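Let's walk through this model together, starting where the chains meet and then moving on to the ligand and the second chain. Keep the viewer open as you read.

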Amino acid sequence: MSAPLTFDDPRVKRVTREMKLYDRRPDALIQILHIVQEIFGYLPEMVLRLVAKELRVPASRVYGVSTFYHYFSLKARGDHQCLVCMGTACYVKGAGKILDQLQKAFGVRPGEVTPDGKLGLAQARCLGACGLAPAVVYDEEILARVDPAKIAATVQEKLRGS
Amino acid sequence: MGQKRRIVVCAGAGCFSCNSAETLSTLQRLVKERGVETQVDIVPAGCMGACQRGPLVQLPNDDILLQGVGPQEAAAVLDQVLGGPAAPAELKLYSAREPDAPDAHFFQKQQKIVLENCGRINPESLDEYIAVGGYQALHRMLSEMTREAVVAEIKKSGLRGRGGAGYPTGLKWETVAKMVNEQKYVICNADEGDPGAFMDRSVLEGDPHRVLEGMAIAGYAVGANKGFVYVRAEYPLAIKRLELAIKGARREGLLGREIFRTSFSFDVEIRIGAGAFVCGEETALIASIEGRRGQPRPRPPYPAESGLWGKPTLINNVETFANIAPILTKGGEWFSAIGTPKNAGTKVFALAGKIRNTGLIEVPMGITLREIIFDIGGGIPGGRRFKAVQTGGPSGGCIPEAHLDTHVDYESLQTLGSIMGSGGFIVMDDTSCMVDVARFFMEFCMDESCGKCVPCRVGTKHMHDLLAKICAGHATMGDLALLEELAPMVKATSLCGLGMTAPNPLISTLRYFRDEYAAHIRDRRCPAGVCSMDAVEALR
Ligand SMILES: Cc1cc2nc3c(=O)[nH]c(=O)nc-3n(C[C@H](O)[C@H](O)[C@H](O)COP(=O)(O)O)c2cc1C
Ligand code: SF4
Ligand code: SF4
Ligand code: FES
Ligand code: FES
């Protein structure tokens, strides 16, 4: 999985194609970073350098933008992602306990990935699904009204199932 | 649609996550199996409001709303619509024919303008939007009204921006309209950074064309030919439906060149945010659309004079744009008669937290907090006591029971030390600790501070650490005094709204719940039992 990326990599080619669609406009930087993250799951350094070159923006700006926004990650994510909402509605309904339980059960802190690379734990500021609080997103699926006592088992099960 | 009966299934984010997609596909399959395609239509729609009871299903003529309709219940629902026996009673949430039913208040006290199509039409179908009168306002305006007349109508309506500050929309339009420049822009602010708010999301998911129509009308009024919608990346369904809507509108000539064969051209592009609360602030949002770090800049100049790429730019919130078409259709006077004299129209609120009916509501301005929380929201579940309602997100405040009879409008909430904000309502019961809540918001602001100016960057961190110290039971009354000194200082000296409002939750909880602070400091006790005093929290 960690073979170095090359320009022949189909994913890298896709990024190049997308940049062309945006006419390599410098102001498309954030939209391009979204596409890179969608393709790779994070922002690999080699691709960031390519983006800087193609859009003709300084590498420092690409780096500055990549680190400013919470949504972007410079580190590889886990195979699966567990995103705990820590917004107000979820917080008053016990999101803190959910995060604690997951940290304990999987031995990871928010923003980290388990040593086997299977599960990444992260927190969100609000998913906009506050009516379902407390909410957790496992990969693409919203888990509504999560019970802190059961969440670790639920995630274990999903990991085993996949 | 004619004689066909419509069964509308909620496909809003809330009901989606309770698997309404399966309810939808089961109903569609049953309709085919029974060969009743000519009699019944199964239609997906946006949020119907009572998200907690999902999946929701609306039966023909809008007069019966069913709750908790899983795939197993689909057959019974279809039977009822086809004239068979009624579906099990426990599925029924509301019927227009039974105004005294226990849940009726949830619907009766609401008045829908922004959400009138939401939950009724298929948001992925342009035809359905047109069938309920969509794009007529745009058409009528382009064929009959001058730009000035449109601005005048919006001014007459008394509409104020729904993004938080409540700035008069007509005035803002007028300012941009008067700027002399061949290039101007319209931006729709759909960042919705307030945690605890999902109104804009629901409007975009449930009725995207309404927002596009509002933007196009604004474009005509101010003289812009290009619009951007800045949406949060956390809202993939909203982005998808908006993309579909833009494509559909372009295909039918409702966006793009020479709309309705007039000389007016207007096109819209989506820009996806990347998770920074401060990007909801208008100058930061503009920086972000330009592909830069989303850091605010001092105003003036306001975006109306110098905005996107230095051009005059109109920025309004999603809900603000969603109000435009009905105002032009029914007239500014009609709109100004709703609500209160200085607060015209309705407001959409997102109810969340410790409240029985969580979900999306739309009420006339001027309704009381008590009516929202107890009549519409159904009160506090689990036999607990109401403690406070937090309005306005991280820049808002917590309002205690003594002020529940306050009317909801921009000024009244401000008098209480809170704000309307974008419309999040988070209800807290006696299991919430107000000091912890203040610490929570301060942590949020500290994390989201863009770091450009010192009062906000250093001040929020300092206040957070002091609050954490109080929660951990290590604080002295001197720390409290320091907090009270810091709060107004950060408010007065920060560059943008984030820093200027970050102390609000602290100030309002101190105002109404000072005894809780005292209990933490003097007695090393958390009355709500939330803070664990023995844990020496590592102060970051
Ligand atoms: C820190 C901060 C965050 C904001 N977030 C939002 C937001 O998420 N959505 C929004 O419409 N306005 C937000 N605003 C207000 C906007 O700057 C701007 O006033 C608003 O979009 C104007 O639209 P309106 O006149 O229709 O309300 C925010 C302001 C600040 C200071
Ligand atoms: S001087 Fe301070 S505020 Fe300015 S860039 Fe350096 S760290 Fe940031
Ligand atoms: S007040 Fe805070 S968010 Fe606003 S510009 Fe200053 S540091 Fe940035
Ligand atoms: S606070 Fe968690 S979804 Fe909004
Ligand atoms: S999402 Fe279905 S009612 Fe809100």
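Predicted model: local features only at pLDDT ≥ 70, side-chain atom pairs only at ≥ 80, totals over all residues.

By residue type, the side of chain B that touches chain A splits into 25 nonpolar, 14 polar and 13 charged residues.

How much charge pairing goes with this? Between chain B and chain A the count is 1 salt bridge. You can find it by selecting Glu234(B) and Arg125(A), whose side chains meet at 3.8 Å, N to O. With the salt-bridge cut-off at 4 Å, that pair at 3.8 Å falls inside the limit.

Next, the extent of the interface. The size of an interface is often given as the accessible area lost when the parts come together. Here, chain B and chain A bury about 3400 Å² between them, and carbon and sulfur atoms give 56% of that area. In chain B, Ala274(B), Arg293(B) and Phe440(B) lose the most area to chain A, together 17% of what that side buries. Counted by residues, the contact takes 52 from chain B and 34 from chain A.

Now turn to ligand 1. It is surrounded by 18 residues, and the closest are Gly163(B), Lys172(B), Asn316(B), Asn317(B) and Thr320(B). An oxygen atom of ligand 1 lies 3.0 Å from a backbone N or O atom of Gly193(B), and an oxygen atom of the ligand lies 3.0 Å from a backbone N or O atom of Glu282(B). For Gly280(B), a polar backbone atom is 3.3 Å from a nitrogen atom of ligand 1.

Finally, look at chain A by itself. Chain A is divided into domain 1 (10-68) and domain 2 (80-161), and the C-alpha centres of these two domains lie 29 Å apart. Over all chains the structure holds 40 salt bridges, and one of them joins the side chains of Glu54(A) and Arg24(A) at 2.5 Å, N to O. This pair links distant parts of the chain, 30 residues apart: Glu54(A) sits in helix α3 (residues 45-55), while Arg24(A) is in the loop between α1 (10-21) and α2 (29-40) of chain A.

Conventions: Residues numbered from 1 in each chain as written. Chains lettered and ligands numbered in written order. Heavy atoms only, no water. Contact = heavy atoms within 4.5 Å. Buried area = accessible area lost by both parts, 1.4 Å probe. Nonpolar A, V, L, I, M, F, W, Y, C, P; charged D, E, K, R; others polar. Domains from an automatic or database assignment. Near = heavy atom within 4 Å. Polar contact = N/O pair within 3.5 Å; in protein donor to acceptor, adjacent residues only side chain to side chain. Helix = DSSP H or I, 4+ residues; strand = E, 2+ residues; numbered from the N terminus.
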